[in-house]
Amino acid sequence: MMLITNATVVTWGTPNQVLTDHALYISDGIIRAVGNTSELVTKYPAEERLDARGQLVMPGSICAHTHFYGAYARGMAIPGAPPKDFPEILQRLWWTLDKALDADSVRASALVCLVDAIKHGTTTLFDHHASPNFIDGSLDVIAQAVEQAGVRAVLCYEVSDRDGIEKADAGLTENIRFINKMRQHPRVRGMIGLHASMTLSDETFIRLLNARADNGHDDPIHIHVAEHEADQDDSLRKYGKRVVHRLAEYELLGGGNIAAHCVHIDQSELELLVQTGMTITHQPRSNMNNAVGAMPLDMMMRAGAFACLGNDGFSNAMWEEWKAAYFLHKVTSRDPRSANGADIAQMATRNNALLASLFFGDNVGWIGVGAAADLIFVDYHPFTPFTADNIAWHVVFGFESSMVTTTIVDGRVLMRDRQLLTLDEAEIARAALALAPGVWERYQHYAAIAPNG
């Protein structure tokens, strides 16, 4: 039990509220009371107190699409001339690096990303994993790191035909096994990861449908959709239909399913995604880095799409994704009205919370009585009015990730006054660094024999 006092509470509820000089009473990981500090101190005089000292207290950030396994790409040189487009980036970086990962490096990749998440106030993450030379049990290794860190996560393994049918089947088996194992876990859940239409045959989709049917559950999927034109070109050439229509043929659209990116979809595909309630995730920093273009965000929002915000393996400082989305669409459209701040806030807060609620219940991502105590303290001192109506623009133009001082998940303090309590950052970095030469050496080996390598 804990009483947080002297807080300026940002609820991110419906409607959003900013409550000054407030307190939160927490027990069993749930917010049981919200009220004026003096009132709750009187009501709960004996409870342990955590003084917010006037800081903002907000729900923790949620990341709707990430890749822990990409951690070892930081600072790594790709052999040869720089990749000229996204298909070459996949071939020469990601589909080579993932082969270099073993159990130890998968664990280290997850842990360094989780340190980053806690420091930056990201408390729930949807991870999409790949390690084709370490498939069986790979999700357990990541789950153990998540449990050690204390955050929430929804994990999946990336099924793909690119390394052969046997590994595609192994990935599917790993997903189903892990989903069943974690159905009742309070902070870790599973879903079925799929790479993209361009690396998935009809036969693999059929095996996926059969596996879901045999398992007796309509388990949700997490797939990349039209991140680059190559995905659409492949689908049209091989199957005579665009990617989203191909997924619809196999009944892979619908609420709880995640379509990451959707940069190169057309109007008919957008209408189908909206009609089925599919989750679309936007990763603007990654899209800029890979030069794949910008999703039609404003068209999506006008159409009523369920759009969420992820980071695609970039740092877990989610306010940086707010800023990237806000600016990217303005420069690509040359229209300062594009990517309205309120729309960015809707994606990052309410929509991300609704996505998380499908896995953890509807008490995640907001502050109020009955909500999960997934909270962050933010040391932000506005010098202009700070209201429920203008907070999105404070985030874009004023917030910095270094302002997060305390992170709490399920009522447990994971970082207090910028001191990590569940993870040893220095030891995790040391262990990850010790593994890096071996990972990079294996990467070089696979790069030398890879197509276009």
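Let's start with His 261, which sits in strand β12, residues 258-261. Strands here are DSSP runs of E with at least two residues, and helices are runs of H or I with at least four, numbered from the N terminus. Please keep in mind that this is a predicted model, where local features need pLDDT of at least 70, side-chain atom pairs count only at pLDDT 80 or more, and totals for chains, interfaces and linings use all residues. Residues are numbered from 1 along each chain as its sequence is written, and side-chain values use heavy atoms, with hydrogens and water left out.

Is His 261 buried or exposed? His 261 counts as buried because its relative accessibility is 0%; buried means under 20% relative accessible area, exposed over 50%, and partly exposed in between, with a 1.4 Å probe and protein chains only.

Which side chains make polar contacts with His 261? One is Glu 227, at 3.4 Å, and another is Gln 283, at 3.2 Å. A polar contact is a pair of N or O atoms within 3.5 Å; within protein, one must be able to donate a hydrogen and the other to accept it, and residues adjacent in sequence count only if both atoms are side-chain atoms. Not counting residues up to four places away in sequence, His 261 also touches others, including His 65, His 224, Val 225 and Asp 312, where contact means heavy atoms within 4.5 Å.

Val 225 takes us to the next topic. Along with Leu 194 and Trp 322, Val 225 is among the residues with the most contacts inside the largest nonpolar core, which has 113 residues. Such a core is a set of buried Ala, Val, Leu, Ile, Met, Phe, Trp, Tyr and Cys residues joined through side-chain atoms within 4.5 Å. Helix α3 gives the largest share of this core, nine residues. Apart from it lies another core of 18 residues, among them Ile 31 and Val 413. In soluble globular proteins, nonpolar side chains tend to be buried together.

Now look at Trp 322. Leaving aside neighbours within four places in sequence, Trp 322 is in contact with residues including Trp 12, Leu 309, Ala 392 and Val 395. Ala 392 and Val 395 are two of the buried residues of helix α14.
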